[in-house]
Amino acid sequence: MNLKPETTEKIDKLVPRYPTKRSAALPLCHLVQEDQGYLSNEAIEWIAQRLELEPINIQEIVTFYPMLRTEPTGKYHVRVCRTLPCALAGAYQTCHRLEKELNVEVGHTSEDGLVTLEYVECHADCGRAPVVMVGEEEYTDIDPDKAGELAAKMKSGELSDGMPD
Amino acid sequence: MSQNGTVENVTINIDGQDVSVPQGTNIIEAVKMVGKGKEVPHYCYHPKLSVAGNCRMCLVEMGMPMKDRATGEAILDEDGNQKIGWMPKPTIGCATNAAPGMHIKTNSPMVKESRNGVTEFLLINHPLDCPICDQAGECRLQEFSAEHGRGYSRFIEDKNVKPKRTRLGPRVTLDDERCILCSRCVRFSKEIVDDDVLGFVDRGTYSTLTCYPGKELENNYSLNTVDICPVGALTSTDFRFKMRVWFLKRTNSICTESSVGANTEIWSREGKIYRITPRRNDAVNDTWMTDSGRALYKAVESEDRLTHYTIGGVHKTPEDVASAAVDLLKGGDVAMVASAHSSVEEQFYYKAIAERSRAKVSLVSHYGEGDGLLQSEDRTPNLRGALLTGLIDQLPEAELSPLARGINSGAVKTLLVVNEDVTALGISPDLLSKVKVIYVGTHTNDTAKDADIVIPSLMVFEKDGTFINQTFRLQKFKTAVPGPSGIRPDFMVLEKIAAPLADEKPAAVTLDEVWQRIAAKLESIQDSLTWRGIPDEGIALEPGALVELPFAETKNLKYDPVAFKEAQSAPAGA
């Protein structure tokens with residue numbers, strides 16, 4: 001496991017804050033995923049070892065929560081909200097447009113590895129629905145036409161991948 | 001707990017009946033104690049595992065005596081009895097402990113409705129393939145669905161599809177569709193065996209029992225997960241699709257794998273054993289047993305069983321063989337290699353034979369590595385028996401070099417070997433050919449091949465008898481299947497040898513009569529104890545001075561050598 005030094009530092013600070021090491025499992029999953037982009041088997045085993053657990057204990061958590069991923073994302077990680085306000089404002093049409101423009105099925109990564117397109121639940125900006133996130137960047141009021149523009153920018157590489165440095 | 005370490009009883013009311021149960025008892029166990037067939041149905045709760053409380057089948061109604069909140073005084077009804085404040089919602093019995101004055105309803109309309117609801121949810125995605133399911137007949141889901149379900153399905157949607165035959169390990173196959181996610185197997189692996197490989201991945205209706213990639217459920221206790229699985233999800237790869245359980249006869253037996261002496265049940269039909277499962281005995285093995293112990297019955301049908309009484313390779317009757325053996329033994333210069341695999345009754349006879357023929361008795365140790373649970377270092381079931389019957393007075397040796405010297409010097413002319421291959425224990429075939437050999441055993445080996453007299457004996461599954469385990473517990477096993485045709489129980493043939501050696505006429509003895517003699521002769525066994533009087537769960541004997549011997553067993557599930565010795569030396573009643 002090649003974790004960044006800052007991640008290791010965060011983990012070392014975080015674990016002793018819990019009365020039992022096991023309690024740090026979920027925060028650790030998030031930290032390692034932030035670092036690596038996803039949780040490989042190697043990462044799961046590393047976390048288990050760090051917390052003196054068996055890998056299956058971490059595997060259970062990772063497969064339970066949708067925000068924890070076991071596969072890497074494409075360059076752009078696009079998350080379309082489909083909770084009620086966004087859905088009413090046309091999130092499904094937005095997503096269909098993205099699917100068409102980027103040639104990727106929702107829930108999958110495009111073959112060229114450019115985009116991972118997913119439905120998620122609320123981004124907490126319902127007043128400006130539909131909301132789309134690219135990496136950690138938020139884009140609001142994305143109707144299908146704006147989605148088309150976003151897709152074009154992603155294909156040309158103009159758009160930031162929205163990942164913190 | 002009170003100060004002297006005993007558990008105090010509390011009185012609770014179950015369905016209108018006052019019951020006194022130990023404090024801390026949960027409602028499932030408390031209702032069981034009421035008896036009369038009363039039961040709180042449950043799936044995930046297991047008496048020997050931690051409480052998970054996830055199946056919700058054991059919902060009951062609970063109420064506590066009402067008290068005035070301000071004054072703390074009891075609130076009474078018109079009759080002057082304390083009012084019961086019933087909780088508005090049902091509570092799970094497994095995680096509710098008995099408290100003084102607690103009232104429980106196990107059969108109210110709300111409880112029935114709850115069970116019905118839980119059953120309906122469990123059956124939504126259950127494949128209902130009982131006709132081909134191995135668990136049918138011993139399936140809790142099947143039983144409770146018949147008892148508490150509605151009898152027809154309101155579910156018109158498609159059922160979930162999950163893997164039907166996942167290999168979890170070398171001996172366990174998983175049918176995921178049948179799994180009701182009770183987590184007994186997960187808790188067993190973690191809490192009892194400390195081999196945490198099982199877990200549920202994914203969630204909701206997609207939850208699936210799996211091992212972590214690259215790991216397997218391969219510990220020596222994996223088949224216990226099959227026993228405790230309340231449905232047909234975990235199945236024994238060996239027993240899978242072999243036999244319907246209701247055709248099988250169950251016989252109480254004892255595992256011969258090690259000196260733990262796990263209590264077992266032999267499941268057989270028409271003289272064939274199909275499987276061995278553990279039988280609950282909280283003093284010996286709780287509800288568990290090893291996988292290796294379950295496989296021992298395979299030796300019953302082995303090709304190398306001894307099936308005929310022979311003298312010099314010629315088939316003879318048991319009477320001929322016995323008298324030939326008597327002649328040899330009367331000739332003097334006898335040595336005996338006894339066995340800690342023999343039952344107490346047989347060892348009692350061997351002791352008599354050794355005394356009457358003035359034979360020197362050796363016994364060989366069979367030690368292995370203990371696993372700290374139910375496989376002890378001593379891989380024989382009845383070493384304590386050999387000591388208590390006086391057959392030997394020291395712990396066994398690893399090999400037989402003193403005996404080899406005796407044969408070499410001509411001091412030993414006749415050798416009686418019980419179930420051991422002495423050629424592998426320091427007596428070469430050349431050396432063995434110098435003496436007359438009487439071999440008593442279940443299977444052939446190099447010693448039996450060269451023996452002058454061969455007396456086939458029955459395996460533990462084919463005879464009645466007793467063993468004494470590591471904690472000096474006398475436990476009995478019963479005949480599950482008949483032995484090879486014409487082979488009599490060992491003690492009957494031994495009577496024909498032992499009696500003439502003392503110039504007595506052999507009697508047609510039964511095990512009851514043998515036990516009368518044993519009880520009369522052995523100090524450590526109460527005179528009043530009879531064969532029939534030995535309880536199914538065994539009886540603890542007084543080890544006396546034998547407790548000081550440096551036995552090979554180290555701490556395991558129910559035995560701690562240090563604590564055991566201390567308990568024996570402490571005065572009774574302390």
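These notebook entries record what I looked up in a predicted model with chains A and B.

**Entry 1. Conventions.** I number residues from 1 along each chain as its sequence is written, and chains are lettered from A, and ligands numbered from 1, in the order in which they are written. For this predicted model, local features need pLDDT of at least 70, side-chain atom pairs count only at pLDDT 80 or more, and totals for chains, interfaces and linings use all residues, while side-chain values use heavy atoms, with hydrogens and water left out.

**Entry 2. Domains of chain B.** I looked up the domain assignment of chain B, which gives domain 1 (9-117), domain 2 (121-301) and domain 3 (310-568); such bounds come from an automatic or database assignment. For the contact between domain 1 of chain B and domain 2 of chain B (contact being heavy atoms within 4.5 Å), I noted 18 residues from domain 1 and 24 residues from domain 2. Taken over C-alpha atoms, the centres of these two domains are 30 Å apart.

I then turned to buried area, the accessible area (1.4 Å probe) that two parts lose on being put together, summed over both. Domain 1 of chain B and domain 2 of chain B bury about 1800 Å² between them, and 53% of it lies on carbon and sulfur atoms. On the side of domain 1, Y43(B), K48(B) and L49(B) lose the most area, together 40% of what that side buries.

Entry 3. I counted three salt bridges across the interface of domain 1 of chain B and domain 2 of chain B, a salt bridge being a side-chain nitrogen of Lys or Arg within 4 Å of a carboxyl oxygen of Asp or Glu. K48(B) forms a salt bridge with D286(B), with 3.4 Å between the closest N and O atoms.

Between domain 1 of chain B and domain 2 of chain B I also found eleven residue pairs in polar contact, both residues at pLDDT 80 or more. A polar contact is a pair of N or O atoms within 3.5 Å; within protein, one must be able to donate a hydrogen and the other to accept it, and residues adjacent in sequence count only if both atoms are side-chain atoms.

**Entry 4. A UniProt feature.** In the UniProt record, an unreviewed entry, I found the feature "domain: 4Fe-4S Mo/W bis-MGD-type" at residues 248-304 of chain B; such annotations may be inferred rather than shown by experiment. The end C-alpha atoms of residues 248-304 of chain B lie 26 Å apart, and the span is 7% helix and 35% strand.

**Entry 5. Chain B against chain A.** I found 14 residues of chain B in contact with 13 residues of chain A. The two chains bury about 1100 Å² between them, 52% of it on carbon and sulfur atoms. D196(B), R203(B) and Y212(B) supply 53% of the area that chain B buries against chain A, more than any other three residues.

The interface of chain B and chain A has one salt bridge: the side chains of K215(B) and E54(A) meet at 3.2 Å, N to O. I also recorded seven residue pairs in polar contact across the interface of chain B and chain A.

**Entry 6. Chain A.** Chain A is divided into domain 1 (5-64) and domain 2 (76-156), with C-alpha centres 29 Å apart. I counted seven helices and five strands in chain A, as DSSP runs (helices H or I, at least four residues; strands E, at least two) numbered from the N terminus.
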